[in-house]
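This briefing goes through a single structure, topic by topic. Please look over the sequence and the model before reading on.

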Amino acid sequence: MTYPDIDDALHARLRDLCAAGWEFFERFDRTVRERGFHAFIASEYEVVLDALIAHRAPGQRFLELGSASGVITIMADLLGYEACGIEIDFSLVNTARELATRFDSKARFVAGSFFPAGYAYRAADGEVRTGTLGEGASGYLELGRALDDFDVVFGYPWGGEEPVLLDLMKRYGSPDALLLMHGVNDGVQAYRGGKRLPARS
Ligand SMILES: C[S@@+](CC[C@H](N)C(=O)[O-])C[C@H]1O[C@@H](n2cnc3c(N)ncnc32)[C@H](O)[C@@H]1O
């Protein structure tokens, strides 16, 4: 795909970043996921790239919930967002930092949970399970920012976990923030104030 407002050099960096991300994920899939369950599944990088380009505006703060190997957060940084990621798996945070260095990116990564301290999920029907979403010390303190400091928040939850991210944004996110949520089968959907926005043509 070509993007009229992205120059050739940036285009090439983004393409190389996606390729490096897929290379890492294929290795991770063969080595780590082959041996046992791990919650990291890579999103469709090129589809997320389209969404980040469509929604970008100068000076926006971006947070990735569960940033894994860091590809999406680095992509956001290269596109001009002030970009951070929180990831619960320490070894993936190291991978993300190495990838950021390799791509000369200022993206920041912290190890911890993207749930603020004290957050507990409870759906209207009493459901409290959060599926594959892990528990651990909250990452916001180290980040030096709260969830409601971010203009654009991205997450790729497993199927059925979408209500948890919507609840999290409703209770702790900025009311004006855009939530970009990657679905298992339906690309990236945009939400604001808990409402799904119409698809952009
Ligand atoms: C489905 S993967 C998506 C990875 C990445 N965002 C992407 O789109 O390619 C979900 C990631 O969230 C991480 N994760 C799960 N629960 C978390 C939590 N409470 N806080 C931070 N990261 C979490 C997992 O370790 C995993 O890397």
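Asp104 is exposed, because 10 other C-beta atoms lie within 10 Å of its own, and 12 or fewer count as exposed. The model is a predicted one.

Positive phi values
- Asp104 sits in the loop between H4 and strand S3 (108-111), and its phi is near 55°, a positive value in a residue other than glycine.
- Ala68 also has a positive phi, near 45°, and is likewise a residue other than glycine.
- The loop that holds Ala68 runs between strand S1 (61-65) and H3.
- Ala68 is buried, since it has 28 other C-beta atoms within 10 Å, where 20 or more are required.

Ligand surroundings
- There are 23 residues around the ligand, and those that come nearest are Phe40, Ser43, Gly66, Ala68 and Tyr156.
- Sorted by class, this shell contains 14 nonpolar, six polar and three charged residues.

Nonpolar core
- The largest nonpolar core has 52 residues, of which Ile74, Met75, Val152, Val153, Leu179 and Leu180 touch the most other members.
- Helix H3 (residues 71-78) is the element that gives the most to this core, with six residues.
- In soluble globular proteins, nonpolar side chains tend to be buried together.
- Apart from neighbours within four places in sequence, Leu180 is in contact with Ala51, His55, Val152, Phe154, Val188 and Ala190.

His55
- His55 belongs to helix H2.
- With 20 other C-beta atoms within 10 Å, His55 is buried; the cut-off is 20 or more.
- Its contacts, leaving aside neighbours within four places in sequence, are Val152, Leu178, Leu180 and Ala190.
- Between the C-alpha atoms of His55 and Ala42 the separation is 21 Å, with the two residues 13 apart along the chain.

Helix H1
- Helix H1 (residues 8-35) has 28 residues, which at 1.5 Å a residue should span 40 Å; the C-alpha atoms at its ends are 40 Å apart, so the two values agree.
- At Asp29, H1 bends by about 40°.
- Leu14, Leu17, Gly21, Phe24 and Phe28 are the buried residues of H1.
- Among the elements covering those buried residues are helix H2 (45-55), H3 and helix H4 (90-102).

Conventions:
Residues numbered from 1 in each chain as written. Predicted model: local features only at pLDDT ≥ 70, side-chain atom pairs only at ≥ 80, totals over all residues. Core = buried A, V, L, I, M, F, W, Y, C linked by C-beta atoms within 7 Å. Helix = DSSP H or I, 4+ residues; strand = E, 2+ residues; numbered from the N terminus. Contact = placed C-beta atoms within 7 Å. Near = placed C-beta within 6 Å. Nonpolar A, V, L, I, M, F, W, Y, C, P; charged D, E, K, R; others polar. Expected span 1.5 Å × (residues − 1). Bend = angle between axes of the 7 residues up to and from the residue.
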